[in-house]
Amino acid sequence: MSSVTITRAEHRRSERRRSEHNRAGWLFSMPFLVIYALFLVGPVLVGLVVSFFNTATVAPGLGEWVGLDNYAEVLGSGEFWASMWHSTLFTLLTTPLLVVLPLIAAMLAARVTRNQWFFRLAFFAPYVVPSSIVCLIFAFMYTPETGLISHAFGWVGLTAPDFLGSVNGAWFSVVMLTVWWTFGFNFILYLAAIMDIPEDVYEAAALDGTSPLQQMRHLTIPMVRSTISLVVLLQVLASLKVFDQIYLLLQGGPDKATRPAIEYIYDTGFTSYRGGYAASATMVYFLALVLVAVIWALLRRGRKVAE
């Protein structure tokens with residue numbers, strides 16, 4: 001048998017193995033794809049259809065065809081843009097804290113040689129607490145005159161600010177709640193990335209006389225840069241989707257000064273019963289989130305090309 005014939009036979013076997021691997025991959029992915037289509041793609045398509053009708057949440061059927069009128073009303077609504085700004089402001093306030101503080105905590109925890117499990121548990125435990133319980137705890141702590149934080153101000157002779165009744169106090173309250181509650185997720189991502197760095201890298205750096213602070217700055221941070229980028233993207237998208245803690249703690253108040261976009265959509269859809277209008281507002285907000293993700297992906301691709 002000639003060498004050309006042997007090469008062709010090996011190529012056919014290689015193609016057959018690759019085809020079998022692809023088929024197995026699709027079969028294993030099929031349950032996820034079915035659930036993804038049923039609970040994400042399907043509702044998006046239904047919402048897109050409903051957004052072109054004057055659908056009422058409490059009435060059967062789609063209602064009257066209105067075309068792009070719902071979208072025109074959404075884009076011209078001052079309340080909608082105010083809620084969009086509140087979601088953006090919440091993102092600007094929480095993202096830097098939830099990107100930097102967990103990274104610092106993870107770098108410090110990674111240097112602990114004994115009982116490291118305690119730090120993992122202490123930082124991650126709040127993340128598994130339901131939002132209703134977290135908001136109940138913080139509502140008690142922020143309650144004027146009887147709350148724990150109000151008492152703490154009194155112990156040092158100061159008057160506690162109105163955490164839930166003033167605009168600045170409300171933003172401070174919900175930002176602190178969110179940082180404490182979701183800190184652990186980013187902490188675990190950072191810690192896993194840091195633990196993957198080979199120990200001999202730090203040993204070589206120590207032999208060169210670098211301090212722990214220099215090792216964190218010149219070794220740890222550059223080597224977990226991809227994880228930092230992932231955390232920033234996840235955190236921005238998670239913050240833009242804020243709803244439950246603001247709704248449960250503040251009900252969007254005072255005077256709708258903290259109402260985010262998703263609560264605005266909820267109010268128009270389930271309080272004003274304007275399902276078609278709420279669907280069009282949802283589509284606009286969905287496109288805004290997709291736009292953020294696309295811009296981030298393009299920036300990352302450009303940075304990789306530059307490197």
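Predicted model: local features only at pLDDT ≥ 70, side-chain atom pairs only at ≥ 80, totals over all residues.
**Notebook: helices and a loop**

I began with α3, which bends by about 30 degrees at Thr94, with a proline, Pro96, following within four residues. The bend at a residue is the angle between axes fitted to the seven residues ending there and the seven starting there. My helices are DSSP runs of H or I with at least four residues, numbered from the N terminus.

Residues are numbered from 1 along each chain as its sequence is written, and side-chain values use heavy atoms, leaving out hydrogens and water.

**Entry 1: α3 from end to end**

I checked the span of α3, residues 78–110: at 1.5 Å a residue, its 33 residues should span 48 Å, and the end C-alpha atoms are 48 Å apart, which agrees. The expected span is 1.5 Å times one less than the number of residues.

Then I looked at the start of α3, where a side-chain oxygen of Ser77 reaches to within 3.4 Å of the backbone nitrogen of Glu79.

**Entry 2: pairs of helices**

Two packed helices are described by the angle between their axes and the distance between the axes. The axes here are lines fitted to C-alpha atoms over the stretch in contact, and angles run from 0 to 180 degrees between N-to-C directions. Angles under 35 degrees count as roughly parallel, over 145 as roughly antiparallel, 65 to 115 as roughly perpendicular and the rest as oblique.

I took α8 (residues 199–207) and α9 (residues 212–223) as my opening pair: their axes come within 11 Å and cross at roughly 155 degrees. That makes α8 roughly antiparallel to α9. In contact terms (heavy atoms within 4.5 Å), Val201, Tyr202, Ala205 and Ala206 of α8 meet Gln215, Leu219, Thr220 and Met223 of α9.

Next came α5 (residues 131–142) and α6 (residues 148–155), whose axes come within 4 Å and cross at roughly 30 degrees. These two are therefore roughly parallel to each other. I found Phe140, Met141 and Tyr142 of α5 touching Leu148, Ile149 and Ser150 of α6.

I also set α5 against α7 (residues 167–195): the axes come within 11 Å and cross at roughly 135 degrees. That makes α5 oblique to α7. Among the residues making this contact are Val134 and Phe138 of α5, and Met176 and Trp180 of α7.

**Entry 3: the loop between α11 and α12**

Which peptide bond is cis here? I found that Gly253 and Pro254 are joined by a cis bond, with omega about 0 degrees. Pro254 lies in the loop between α11 (244–250) and α12 (261–270).

Gln251 sits in that loop as well, and I noted its positive phi of about 55 degrees although it is not a glycine. Lys256, also in the loop between α11 and α12, has a positive phi of about 60 degrees and is not a glycine either.

How values were computed: Polar contact = N/O pair within 3.5 Å; in protein donor to acceptor, adjacent residues only side chain to side chain.
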